[in-house]
Amino acid sequence: MKQYRRMFQYVEEILCSYDRKKGEKSKNKIAYDRYAHTVRVYHWMLRITEELRDESLDMESLKIAAIFHDAGYGTGGAEDHARFSAAVCRDYLERRQYPQPQVDFICYLIEEHSNKKLLYERNTPIELVVLMEADMLDDTGAMGIILDTWIASKEESPSFESVCRHFEKYTYRHMKQMEFVTAPGKKFWHEKRKLVYEFLRQYRRDLGL
């Protein structure tokens, strides 16, 4: 729909100032595209909701929250990006006269999407659960393998062994610790976890570890 395309364009313009300027690097010393991450999270959200088939879902609010969830990187940086993202979204929606209760709910989703402990609380809205799961499904599995290799290659004197250590410390540990809530989220996470575990098993074997 046109309203979502306009929102994507708006967020893309904001994020240009953070991670798409020529020559700039993220804190991990790689040219990570935060807007591309936003698009991927949006598609993971759609995959989860298509399989979830929960008619109680507020899909419009969830879609808007997914689009704006990291917009704050372009205005306030990484330290408190969820709060800044909610502020960006609130300003956008209020200027377009969205109903105040919906604005408040969307901004709640955005502001709490990094608070992963809420994933397991009984009263957490399903929209927030889906947004958090979609966010975590990005940069994991096959992409996590590539991302960790990319980051580790920027370290001083990288080696096969240092890449392995980096992978064990980040992607492997993250995927081992986290559990999902929705049935589709669990399915996708299991597929990614299976790939990561098998990759690490074979990589350790190849290194003689």
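**Notebook: helix 3 and the chain around it**

I began with helix 3 and listed its buried residues: Ser-61, Leu-62, Lys-63, Ile-64, Ala-65, Ala-66, Ile-67 and Phe-68. Buried here means under 20% relative accessible area, with exposed over 50% and partly exposed in between (1.4 Å probe, protein chains only). Helices are DSSP runs of H or I with at least four residues, strands are E runs of at least two, and both are numbered from the N terminus.

A note on what I am looking at: this is a predicted model, where local features need pLDDT of at least 70, side-chain atom pairs count only at pLDDT 80 or more, and totals for chains, interfaces and linings use all residues. Residues are numbered from 1 along each chain as its sequence is written, and side-chain values use heavy atoms, leaving out hydrogens and water.

Why is helix 3 largely enclosed by the rest of the structure? I found that eight of the ten residues in helix 3 (residues 59–68) are buried, so the rest of the structure largely encloses it.

Next I looked at the whole chain. I counted nine helices and zero strands. The radius of gyration is 18 Å, close to the 17 Å that the globule rule gives for 209 residues, so the chain is as compact as a globular protein of that length. That radius is taken over C-alpha atoms, and the rule is 2.2 Å times the number of residues to the power 0.38.

I also noted that the C-alpha trace spans about 60 × 40 × 30 Å along its principal axes. Of the 209 residues in the chain, 46% are buried.
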